[in-house]
Amino acid sequence: MEDKDSIALVQEGKSKKNEVLYQFVTFKLGTEDYAVSIEHVKEVTITPKISKMPKTPPFIKGVASVRGDLIAIVDLEERFDLKPALKIKDAPIADSFTIVIDADTYTIGFIVTEMPNTLVLSESQINRSADVIEKARLKNKFISGLGKTNDGDLVILLDILKVLSAKEISQISSV
Amino acid sequence: MNDREKEYRAIFLAEAQQSYDQISTDIVKLERDPGNEQVVAEIFRLLHNMKANAGTMELEAIAELAHRLENVFSAIRNGDITFEGSKVNLIFKAVDYLGYLINNIAKPRVQQHNNELLDGLNEVISGGEDRIEGLQSEGGASVVSNKLHLSDSVSISLKKLDDLLNLVGELIISRDHLISFAEIIENQQIKVITQSLSRVADSIQETVMTARLVTVSSLFNKFPRIIRDIAAKEKKVVNLVVEGADTTIDRNVLKVISDIMIHLIRNAITHGIEAPQDRKKQKKKEEGSLKISASSDKGLVFISISDDGRGLNPKAIKSRAVEKKMITSAKARSLTDNEALGLLFVPGFSMADKVTEFAGRGVGLDIVKSVIDSIGGDLKIESEVGKGTNFIMSLPISMAVKAALLFKVGENNFALPLLNIHSVVTVSRRSIHTIAGVLTLERKDETIELIYMNDFLFKEEYQTSFINLKREIMDIVIVWYNNKKYGLIVDQLLRQQEIMIKPLQKPLDNNHLFSGITLLGSGEVCYVLDVANATKIYEQKESSLQIY
């Protein structure tokens, strides 16, 4: 952790109050901006050809080969029920991006429609205790906080390991 | 000395040198800390193993010396004597001599008992300090040369070999990529280069695979003793015949099957082979015969365990299954004898009426079967009432690389290990019938249940109807499971190929329909079907439709 932070410090210069800085990768799901800690992101790539695996829930798009690794590709918009109401058909997968996440013991990718960005937030820009988060925590434990960018935009910080380790993922994927 | 003996000797030597080094280190440790029980126990264990191994290799001098030393350390362990004083020097000397014998294993002239040392070690136990002192002074020239001996072989952890095999798998995939590429661009030079790369990749793969192979004898050698014990307990007379003990198999496969082989052997002796007096009445030899044989063919290893005992009675199995409400009596009548034997693999089915220490505790053939399934193998039973039973395991030579048949269902590629395939047939629509909602194939004198893969894999609810089968000619892959045949209707047969199976990662690892995935040379993903689970899932769906 210290290393990551110090790298972030070097890249961004020290923040005014000498605060800890965090680096994120941001992406859009539905209408909101989400962010995951950069240390879990292995790479961002144009979505490769995906082969649908039979007998898996719809949000698991299938399996694709990323640099010889065969990984599961998941659609988080579908997983979180965030598909915009007007969008009837999926955007062609070929035009989307895949964020490859290194989750300790395995690798997984998720599809995002817009090009992901990076973002640096200082501790004071992160709200970890807002009411909404508390509420959200009760329902699903994978929101770790809300971030406010320098432009005043709001991003939802995801605890990506919790999103993926959620028992239900494995439960629904069983035949 | 034949090749096998040479191999054994090399293995013994490598192990003995390692043990000797360890013992040398340990006794030095013990000298500083004489009360260390752990070290004493360690030395004792090493000596004990060395004694046993040297005994089987007929290296009497080593075995005897290790035996006497073992006695000494046993006495130390029991607290009868302590590791101190003049004894220490003698023990050091004896261990040195042991090393001398081991390092000169190939020279029969050297393999002599050193009676002075042997007697001295006896004295150590009986506590004759004075005589030991005497021995010390006359003790001949030191046998330890100053030249250090380093072993010619290195031991390598299985993990490293596994990693290496995985890397080889990657190499094979890249090679296949390159081959497809070379075919597309039709460049002669690239073709030549790919061919030579291919050859190298193949031989690397083979070398790594053979490095993991061990002879089944390393397991089979343990059976005579086990069989003797079980037979004695059951008051039966059993003659063991072993065939093909030099067949080689992946060490991991052997490890997986070791427990289930013992289970099958126990079953054969406890339930198969009759008591001597019963055998006499049936005009059989009083001595029952148990034959364990291994052979290999086309990347598969077959191990069979057969006895000449009372055999399995299909009728009894059927009525038991009906009694346990596993099947209806109508269904029982429709089962062939072979299919009835397959009921033994259904969880919870146990034929044993008597619980003994060795078998009949409900850990039945279903466990055996599922263990074999887990490594992609198969188990078949042949049995004749009064004549005996034969269990035949077909096992993959290696766990990771398998010969498989590739086919397409819809847009997707699938692979089926050849191990599970009985045959492949092409039939016309006329020979396929729907009987009570079940698709069947009439063939020669048998009726085979069919699974239409496109519906089975991609429809929410599997309910095949004829309407979906539009083609006039259909390719069907016939697989065996639980002594029953199933025909899988596939959309397009591709080819046969060696594939490197990668296990499913999260969040897909709960999908039991597939045992893994592999990447084809074309860069396409291919799913490896798990026949055991696929047929189980199919049967569950079937049974939920029927009323029992």
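This is a predicted model: local features need pLDDT of at least 70, side-chain atom pairs count only at pLDDT 80 or more; totals for chains, interfaces and linings use all residues.
Local features need pLDDT of at least 70 and side-chain atom pairs pLDDT 80 or more, while totals for chains, interfaces and linings use all residues. Residues are numbered from 1 along each chain as its sequence is written, chains are lettered from A and ligands numbered from 1 in the order in which they are written, and side-chain values use heavy atoms, leaving out hydrogens and water.

View 1. Helices here are DSSP runs of H or I with at least four residues, strands are E runs of at least two, and both are numbered from the N terminus. Within α13 (residues 314-323), B:Pro314, B:Ile317, B:Lys318, B:Arg320 and B:Ala321 are buried (under 20% relative accessible area; exposed is over 50%, partly exposed in between; 1.4 Å probe, protein chains only). An α-helix has 3.6 residues a turn, so residues three or four places apart point the same way. Look to the other side for B:Lys315 and B:Glu323, which are exposed. The cover over the buried residues includes α14 (329-334) and α15 (337-342) of chain B. B:Asn313 caps the N-terminal end, with a side-chain oxygen 3.0 Å from the backbone nitrogen of B:Lys315. Just after the helix, B:Lys325 takes a positive phi of about 60 degrees.

**View 2. B:Lys284, a buried lysine in a loop.** The loop runs between α12 (276-281) and β4 (288-297) of chain B. B:Lys284 has a relative accessible area of 19%, so it counts as buried. Setting aside neighbours within four places in sequence, its contacts (heavy atoms within 4.5 Å) include B:Glu274, B:Asp308 and B:Gly386. C-alpha to C-alpha, B:Lys284 and B:Glu274 are 9.8 Å apart, and 10 residues apart in sequence.

**View 3. B:Lys485 in strand β15 of chain B.** This lysine, in a strand covering residues 484-490, is buried at 17% relative accessible area. The side chains of B:Lys485 and B:Glu446 are joined by a polar contact of 3.1 Å (a pair of N or O atoms within 3.5 Å; within protein, one must be able to donate a hydrogen and the other to accept it, and residues adjacent in sequence count only if both atoms are side-chain atoms). Others in contact with B:Lys485 include B:His422 and B:Trp480.

**View 4. B:Leu178 in helix α7 of chain B.** B:Leu178 is partly exposed, with a relative accessible area of 33%.
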